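Reader: I have a model open and want to go through it with you. Can we start with the charged side chains?

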Amino acid sequence: MELPSEILNMSAVDRLQLIGRIWDSINDDGPPPISDSQREILDKRLAAFEADPNKGESWDQVRSELFGDE
């Protein structure tokens, strides 16, 4: 999809404001729909968490593994 020349000729500040307005309009629509299979996965993960909330790794551990943070 090509952007209209009107948008390309806008200043960076105006384009950022336009992005914000577009983003806000998307948020007004509510969360995106999910499929039945996605809902099933989320339900299973929630049930597993509720059964044992201490199982798994903390965000600090995951971040460290992903990004090598120490």
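Reader: Is Asp-60 buried, partly exposed or exposed?

Author: Asp-60 is partly exposed, because its relative accessible area is 47%. Here buried means under 20% relative accessible area, exposed over 50%, and partly exposed in between, with a 1.4 Å probe and protein chains only. This is a predicted model, where local features need pLDDT of at least 70, side-chain atom pairs count only at pLDDT 80 or more, and totals for chains, interfaces and linings use all residues. Residues are numbered from 1 along each chain as its sequence is written, and side-chain values use heavy atoms, with hydrogens and water left out.

Reader: Which side chain does Asp-60 meet in a salt bridge?

Author: Arg-63, at 2.9 Å from N to O. A salt bridge is a side-chain nitrogen of Lys or Arg within 4 Å of a carboxyl oxygen of Asp or Glu. Asp-60 and Arg-63 are about one helical turn apart, because they are three residues apart in helix α4, residues 59-67. Arg-63 is partly exposed, with a relative accessible area of 28%.

Reader: How many salt bridges does a search of the whole structure find?

Author: Two. Glu-40 forms one with Lys-44, and their closest N and O atoms are 3.3 Å apart.

Reader: Why are Glu-40 and Lys-44 separated by about one helical turn?

Author: Because they are four residues apart in helix α3, which covers residues 36-51. Glu-40 counts as partly exposed at 44% relative accessibility, whereas Lys-44 is exposed at 55%.

Reader: And the overall charge count, how many positive and negative side chains?

Author: The protein chain has 7 positive and 16 negative side chains, and the centres of the two sets lie 2 Å apart. Lys and Arg count as positive and Asp and Glu as negative, while His and the chain ends are not counted. Each charge is placed at NZ of Lys, CZ of Arg, CG of Asp or CD of Glu.

Reader: Switching to the fold. How many helices and strands?

Author: Four helices and zero strands, in the order α-α-α-α along the sequence. These are DSSP runs numbered from the N terminus, with helices being H or I of at least four residues and strands E of at least two.

Reader: What radius of gyration does the chain have?

Author: 20 Å, while a compact globule of 70 residues would be near 11 Å. The radius is taken over C-alpha atoms, and the globule rule is 2.2 Å times the number of residues to the power 0.38. Along the principal axes, the C-alpha atoms fill a box of roughly 55 × 40 × 20 Å. Of the 70 residues, 0% count as buried.

Reader: Where is Ile-7?

Author: In helix α1. Ile-7 is partly exposed at 23% relative accessibility, and its C-alpha atom is 38 Å from that of Asp-36, 29 residues apart along the chain.

Reader: Which residues form the nonpolar patch on the surface?

Author: Met-1, Leu-3 and Leu-8, with about 410 Å² of accessible area together. Leu-3 lies in the segment before α1 (5-8) and counts as partly exposed at 46% relative accessibility. Patches are made of residues with over 30% relative accessible area and no salt bridge, where like charges are joined within 9 Å and nonpolar side chains (Val, Leu, Ile, Met, Phe, Trp, Tyr) within 5 Å. Accessible areas come from the Shrake-Rupley method with a 1.4 Å probe, and for residues only the protein chains shown count as cover.
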